[in-house]
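Work through the exercises below with the sequence and the structure in view. Try each task before reading its solution.

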Amino acid sequence: MTNPNALNRDFEKYDQVRKSHTYRLAESDRDEFDEDYLIATLDLGDYLSGDEAAKARFAHEFVGALEEIGFAVLIGHGVDPALYDDIQDGIHRLFTTTSLDDKMRFRAQRFGSVSQGYFPIEETSEIHPDLVEGWVWCRRAFDIPQQRDGNFRPEDYWPQVEYEPLFRRLALEHEKLFKPIAQAILHGLGVDPHIYDQKLTGTNFGLRLNYYPPMSRAQDLSGAGRLLGHEDVDLFTLLPATTVDGLQVWNHRSGKWVRLNPPYGSIIINTGDYMQRISNDRLPSTTHRVGKPSDRSHLAKARVSFPVAVYVWEQEILEVLPGLGPPNYEPIKAQTFHTRSTSKFYGDDYAVED
Ligand SMILES: O=C(O)CCC(=O)C(=O)O
Ligand SMILES: [Fe+2]
């Protein structure tokens with residue numbers, strides 16, 4: 001990091017939604033924790049198969065949690081936890097058995113809006129080193145329906161082609177939830193729940209694998225975090241609960257951090273910049289980071305996570321939803337919005353202005 005005391009506000013020129021809070025990008029001994037705050041756990045089954053009253057109740061509670069802290073935990077989503085076991089094994093295998101040379105053949109580069117590919121440790125963003133290796137694939141890296149210029153060639157995206165069907169299973173299971181989650185959010189906001197159905201049909205997404213290697217004593221003492229504070233740029237993120245804890249969420253109201261470590265098998269949902277923009281600031285894009293595990297013996301373990309970020313395609317327009325008051329923002333092309341925001345991480349020349 002250029003400056004260990006760097007603040008999010010030092011980079012605010014990149015923000016495409018209003019973020020008035022201030023936090024240090026790196027963890028600090030002075031950070032305060034909200035030990036009592038409980039992030040809501042909700043049963044998505046109520047929305048997927050409940051009657052109208054159950055759906056309305058779910059939508060109301062879900063949006064209540066998102067308005068308050070930008071995070072909620074979903075159970076009853078129907079994804080088999082055995083899939084998550086297979087995915088975790090696959091992530092450990094991918095990161096620990098692929099040579100650095102092979103990884104670097106897939107060094108991340110921009111595809112449309114998304115920086116897709118491999119991120120070496122300490123290089124997930126230009127502004128601060130994180131103790132994490134990352135790998136991102138968007139829809140085009142999977143053999144699933146979409147418009148393409150040529151035939152699908154898995155070897156263009158995957159260091160071993162057999163990883164594609166494994167991670168495709170996860171992408172497809174989570175894709176099934178994109179529309180119901182969006183519908184529940186829109187329902188809770190009092191907007192037509194189907195207004196995003198078309199945009200979310202065959203939409204773009206980013207599956208990000210995070211591999212946090214075991215932390216050495218020197219790294220532990222250095223004060224570095226695993227993944228430093230940030231907001232996701234998307235509509236919302238599906239983040240399956242991890243086996244090693246560390247996720248911390250910024251509480252806008254108290255200005256403190258909340259540790260979030262829900263049961264394995266549940267899915268954490270958080271809203272991102274696209275959602276803050278279209279909801280006219282009703283739903284905040286919430287700051288979060290990954291700190292050291294609360295159980296210190298877990299420092300010696302690798303931690304993995306696999307969020308799926310839900311986007312719209314590059315040419316779509318992000319516009320404040322109807323009925324949410326005088327718009328705080330102009331309509332903007334998704335690609336412009338996305339690449340301007342993320343040029344904070346990838347450099348000024350990442351932004352695409354046309
Ligand atoms: O590893 C985690 O729990 C969170 C990861 C995350 O926030 C991200 O990849 O954007
Ligand atoms: Fe994130």
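**Exercise 1.** How many of the residues of strand β4 (residues 114-119) are buried?

Solution. The model is a predicted one. A residue counts as buried if 20 or more other C-beta atoms lie within 10 Å of its own. By that cut-off, six of the six residues of β4 are buried, and the strand is mostly covered.

**Exercise 2.** Find the pairing partners of β4.

Solution. Step one: take strand β3 (residues 109-111), which pairs with β4 in the antiparallel sense over three bridges. One bridge joins arginine 110 to serine 115 in β4. Step two: look at the link between β3 and β4. They form a hairpin with two residues between them, and glycine 112 in the turn has a positive phi of about 65°. Step three: turn to strand β5 (residues 133-138), which also pairs with β4 in the antiparallel sense, over three bridges. Here phenylalanine 119 stands opposite glycine 134 in β5.

**Exercise 3.** Check the length of helix α5 (residues 163-189) against its number of residues, then locate its bend.

Solution. Step three: α5 bends by about 30° at phenylalanine 178. Proline 180 follows within four residues. Step four: just after α5, glycine 190 takes a positive phi of about 80°.

**Exercise 4.** Repeat the check for helix α8 (residues 334-346), and name some of its buried residues.

Solution. Step one: the 13 residues of α8 should span 18 Å at 1.5 Å a residue. Step two: its end C-alpha atoms are 17 Å apart, in agreement with that value. Step three: a kink of about 30° in α8 is centred on arginine 340. Step four: Arg340 is one of the buried residues of α8, which also include Phe337, His338 and Lys344.

**Exercise 5.** Which elements give two or more residues to the shell around ligand 1?

Solution. Step one: list the residues around ligand 1, among them Arg208, Asn210, Asp232, His288, Val290 and Pro307. Step two: the elements that give two or more residues to this shell are β6 (205-212) and β12 (288-290). Step three: sort the shell by class, which gives five nonpolar, four polar and two charged residues.

**Exercise 6.** What is the mean pLDDT of the protein?

Solution. The mean is 94, and 98% of the residues reach 70 or more. The model scores ipTM 0.99 and pTM 0.96.

Terms used: Residues are numbered from 1 along each chain as its sequence is written. Chains are lettered from A and ligands numbered from 1 in the order in which they are written. This is a predicted model: local features need pLDDT of at least 70, side-chain atom pairs count only at pLDDT 80 or more; totals for chains, interfaces and linings use all residues. A residue is near a molecule or strand if its C-beta atom, placed from the backbone, lies within 6 Å of it. Ala, Val, Leu, Ile, Met, Phe, Trp, Tyr, Cys and Pro count as nonpolar, Asp, Glu, Lys and Arg as charged, and the others, Gly among them, as polar. The expected span of a helix is 1.5 Å times one less than its number of residues. The bend at a residue is the angle between axes fitted to the seven residues ending there and the seven starting there. A residue is buried if 20 or more other C-beta atoms lie within 10 Å of its own, exposed if 12 or fewer, and partly exposed in between; C-beta atoms are placed from the backbone. Two strands pair if DSSP finds at least two bridges between them. pLDDT is the predictor's confidence in each residue, from 0 to 100.
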